[in-house]
Amino acid sequence: MTSNSWADFRTAEPDFADTVRQRFEKYRHHVLATIRKDGSPRVTGLEVEFRLDEPFLGMMPNSRKALDLLRDPRFAVHANPGPDAEMADGDARISGRAVEVTDPAVLARFIEEVVPPQPFHLFRLELTEVMYTGIEGGDTLVIRVWRPGKPLRSFRRGNDEATLAEIS
């Protein structure tokens, strides 16, 4: 069985995990995509909290995004792109399944560290894909993608190239 926890991601690709985490920690607010009851996308802002060695999503009880995740746990969360169009810090995204945390011990430890408004929903993230895009050399787009059970893949594309080329 392939594990999809942040801890397993960090064990498999520690440098890449640190890069993605630092990108999310650079700004407080990010963008979450969930699936509405009718199947259409919902995009909302939220904070991603890296606590207890993994990322968590906390939200108000019965908020639309919480209800979306309770009904269909698929999500994508995109790191805040920052104040300008330069992408100096790159672009990060985590996709997967959000699992509601109901374990009282985990909730107590989270509350002790974060002190969120009460009551709240707390979701831990099961990863299906972690992606980071950055610019190297001024004009070369580099995309790194990790999926559980697979090696980290990297792709490069310059301004003159029509397709991505995998970096070995």
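Helices here are DSSP runs of H or I, at least four residues, strands are runs of E, at least two, and both are numbered from the N terminus.

Quick background: this is a predicted model, where local features need pLDDT of at least 70, side-chain atom pairs count only at pLDDT 80 or more, and totals for chains, interfaces and linings use all residues. Residues are numbered from 1 along each chain as its sequence is written, and side-chain values use heavy atoms, with hydrogens and water left out.

Okay, helix α2, residues 14–26. Phe16, Ala17, Val20, Arg23 and Phe24 are buried in α2 (buried is under 20% relative accessible area, exposed is over 50%, partly exposed is in between, using a 1.4 Å probe and protein chains only). Looking down the axis, those buried residues fall within an arc of 130°, so they line one face of the helix; the arc uses directions from the axis to the C-beta atoms. Asp15 and Gln22 are exposed, on the face turned away from the buried side.

Most residues other than glycine have a negative phi, and most peptide bonds are trans. Leu52, in the loop between β2 and β3, has phi near 55°, and Leu52 is buried at 18%. Asn62 also has a positive phi, about 60°, but Asn62 is exposed at 56%. And Gln118 and Pro119 are joined by a cis peptide bond, omega about -10°.
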